[in-house]
Each structure stands twice: as C-alpha cells, then as structure tokens.
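This briefing covers strand pairing and aromatic contacts. Look at the sequence and model first, then read the points below.

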Amino acid sequence: MKYVRTPGFLIDLRRLKSTASYLWAVHETLRPAPDAGAHKGAVPWLRVLRVHRIGANYSMTWSFAGPDGRALFRLAEVAGETVVVWLRVGNHGIYDS
C-alpha cells in the first residue's frame, strides 16, 4: 500500500513525543485492512483501531489513554491501487482544525 503525507501531517508527526504506537497501528494493524477491502465493506475494520468515517475522511484511534492516539486519513485510488493520504496525527485536538 502506498501513502502520501500532507504538510500538516508532517508537522503533527514531529510534535509526537513517541511514534512507536502510531507506527504499530499503521504497519501492523491498518495496513492490511484496505488491501482486504475494509473501506468498501468487504471486511470490517479491525476493532482495535476504532476506524470511523467522517465525510470523505477516516478517523483512526489506537489509544484513548496516555498518550491519546488519533489520526485522520483519506483513501484514494491511483492506477487501481489504494493510496492512504495522511492528513493529521496526534490527540483529540486534530479534529479542531
């Protein structure tokens, strides 16, 4: 799966105290879901990530407790391949902008 990171996402990523839990959530848990068709309803999103659709975007939560871990992303199709467009990462404050 390919991905694109927006400038806002890169700023947020630099602000994270630790990226370990985010990287686990993406590489070990999220990555196989779009390939299996979770965004098309073919299979459910894994419950551990708590993925919810917000308009054209998706919200992913991997931790509600210290530190709060959330990310916003969008899925796009490019040449028949699903591409994840990372929009924001951090805590619940990512929804404010």
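Glu77 stands opposite Thr82 in strand E5. This is a predicted model, in which local features need pLDDT of at least 70, side-chain atom pairs count only at pLDDT 80 or more, and totals for chains, interfaces and linings use all residues. Residues are numbered from 1 along each chain as its sequence is written, and side-chain values use heavy atoms, with hydrogens and water left out.

**Strand E5 and its partners**
- Helices (H or I, at least four residues) and strands (E, at least two) are DSSP runs, numbered from the N terminus.
- Strands pair if DSSP finds at least two bridges between them.
- Strand E4 (residues 69-78) runs antiparallel to E5, joined by 9 bridges.
- E4 and E5 make a hairpin with 2 residues between them, and Ala79 in the turn has a positive phi of about 50°.
- Strand E1 (residues 2-5) runs parallel to E5, with 4 bridges; Arg5 has Trp86 as its bridge partner in E5.
- Of the 10 residues in E5 (residues 81-90), 9 are buried; buried means under 20% relative accessible area, exposed over 50%, partly exposed in between (1.4 Å probe, protein chains only).

**Aromatic pairs**
- The whole structure holds 8 aromatic pairs; rings of Phe, Tyr and Trp (its six-membered ring) pair if their centres lie within 6.5 Å, and planes under 30 degrees apart count as stacked, over 60 as edge-to-face and the rest as tilted.
- Phe9 and Tyr22 have ring centres 5.9 Å apart and planes at 55°, so the pair is tilted.
- Both Phe9 and Tyr22 are buried.
- Tyr22 and Trp62 also form a tilted pair, at 5.6 Å centre to centre and 55° between the planes.
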